[in-house]
Amino acid sequence: MALTIKPIRPERPDFAGEVLGIDLAKGVSPETATAIEAGMDRFAVLVLPNQVIDDDQQYAFSQHFGPMEQATGDIAQRDQRRLPMHINDVSNLDKDGRVLERDDRRRLFNIGNMLWHSDSSFKPTPAKYSLLSARSIPSEGGNTEFADMRAAWDTLDAKTQAECRDLVCEHTQLHSRGLLGFTEFTPEERLKWQPVAQRLVRRHPRTGRLSLYLSSHAGAIRGWPVPEARMFLRDLTEHATQREFVYSHTWRQWDLVIWDNRVVMHRARRYDDRQVRDMHRTTVADSAPTLEQVA
Ligand code: OGA
Ligand code: MN
């Protein structure tokens with residue numbers, strides 16, 4: 001069957017597509033990867049149903065899209081990790097596959113995934129694509145939602161666009177977790193997650209489209225008083241995440257979802273986390289810090 005990519009919601013023909021006619025377990029050709037990247041340029045989020053893959057197959061597929069990131073944003077200590085460093089563990093499980101206790105530090109940190117964010121915006125060079133594979137899902141809840149930051153930019157009034165245009169934000173996981181009252185970081189974590197600078201407005205290198213680059217990690221705007229900056233970012237986020245711009249993905253086991261962190265924010269939704277939710281993420285790195293990219 002030939003590869004096809006169709007909009008998931010006809011009313012949003014340029015956001016969130018479904019890919020059929022592909023089997024990642026068999027490996028894909030460079031031509032197929034090129035077609036997927038073209039689909040990503042248009043849809044920013046792609047759902048590939050029914051991809052029964054292991055970590056090696058997921059990683060091999062991901063590598064078509066650029067250099068890979070390591071999971072250095074996770075809070076689990078190395079000896080606590082269930083998965084190797086090249087796989088982000090987006091589950092509620094410990095090393096032995098047991099559901100984390102309610103007050104486990106790793107669980108409380110991971111609750112931060114329920115805030116709107118863009119992956120690794122707290123790293124100097126942030127993430128390009130994230131690829132999330134649903135290995136095991138709860139019986140209900142636990143959707144992942146995606147908000148189109150190109151639409152958010154396009155629908156801002158001209159005055160606000162001009163105000164945003166050259167702003168530089170500071171992103172850190174200390175800020176996003178702090179929003180939820182998670183403040184007990186070790187000195188090493190504080191050092192590792194010092195704020196990094198990112199543009200507020202970005203241009204996609206292939207499509208040329210502009211988008212807002214927001215994330216709950218952003219806690220400051222350079223040159224602005226902190227409360228004013230935070231309020232402005234909060235207003236922009238409210239605008240950017242109105243339901244019209246959001247695709248809510250209801251997971252089926254073995255879905256693989258790819259999103260472009262340069263142009264979408266995402267968040268996890270609640271579920272009964274006494275049930276297992278096991279998701280494995282591979283992450284493709286962007287080409288450079290956003291300030292070094294053409295705006
Ligand atoms: C992620 C993430 C959301 C979810 O994998 O980066 O934020 O629904 N996941 O698990
Ligand atoms: Mn994420």
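Asp104 counts as buried because its relative accessible area is 16%, and buried means under 20%. This residue of the predicted model sits in the loop that runs between β4 (88–89) and α3 (105–110). From there, the side chain of Asp104 reaches the backbone nitrogen of Arg106 at 2.8 Å.

## The chain as a whole

Stepping back from that one residue, let us look at the overall fold. The protein chain is built from eight helices and 15 strands. Its radius of gyration is 18 Å, close to the 19 Å that the globule rule gives for 295 residues, so the chain is as compact as a globular protein of that length. Along the principal axes, the C-alpha trace spans about 50 × 45 × 35 Å.

Buried residues account for 55% of the 295 residues in the protein chain. Of the contacts between residues at least 6 apart in sequence, 81% join residues at least 24 apart. The accessible surface of the chain comes to about 13400 Å², and carbon and sulfur atoms hold 50% of that area. As for charge, there are 40 positive and 42 negative charges, and their mean positions lie 1 Å apart.

## Two residues with positive phi

Most residues other than glycine have a negative phi. Two residues on either side of strand β3 are worth a look with that in mind. Ala44 has a positive phi of about 65°, although it is not a glycine. You will find Ala44 in the loop between α1 (30–43) and β3 (45–48). With a relative accessible area of 0%, Ala44 is buried. Leaving aside neighbours within four places in sequence, its contacts are Phe15, Gly39, Arg150, Ile258, Trp259, Asp260, Val263 and Val264.

Asn50 belongs to the loop between β3 and α2 (55–62). Is Asn50 buried or exposed? Its relative accessibility is 60%, so Asn50 counts as exposed, the cut-off being over 50%.

## Asp255 and its surroundings

Asn50 turns up again among the residues that Asp255 touches. Asp255 lies in the loop between β12 (246–249) and β13 (256–260). At 1% relative accessibility, Asp255 counts as buried.

Which side chain makes a polar contact with the side chain of Asp255? The partner is His249, at 2.9 Å. His249 is also one of the residues that Asp255 touches when those up to four places away in sequence are not counted.

## His280 on strand β15

His280 is found in strand β15, which covers residues 278–285. The residue is buried, with a relative accessible area of 5%.

Ala151, by comparison, is 28 Å from His280, C-alpha to C-alpha, and the two are 129 residues apart in sequence.

## Cys169 on strand β7

Our last stop is Cys169, in strand β7 (residues 168–171). Where does Cys169 stand, buried or exposed? Its relative accessibility is 0%, so Cys169 counts as buried.

Apart from neighbours within four places in sequence, Cys169 is in contact with Val196, Ala197, Gln198, Leu200, Ala218, Ala220, Ile221 and Leu233. The C-alpha atoms of Cys169 and Glu238 are separated by 17 Å, and these two residues are 69 residues apart along the chain.

Notes. Residues numbered from 1 in each chain as written. Chains lettered and ligands numbered in written order. Predicted model: local features only at pLDDT ≥ 70, side-chain atom pairs only at ≥ 80, totals over all residues. Heavy atoms only, no water. Helix = DSSP H or I, 4+ residues; strand = E, 2+ residues; numbered from the N terminus. Buried < 20%, exposed > 50% of the residue type's maximum accessible area, 1.4 Å probe, protein only. Polar contact = N/O pair within 3.5 Å; in protein donor to acceptor, adjacent residues only side chain to side chain. Contact = heavy atoms within 4.5 Å. Rg over C-alpha atoms; globule rule 2.2 N^0.38 Å. Areas by Shrake-Rupley, 256 points an atom, 1.4 Å probe, with all protein chains shown as cover. Lys, Arg positive; Asp, Glu negative; His and termini not counted. Charge placed at Lys NZ, Arg CZ, Asp CG, Glu CD.
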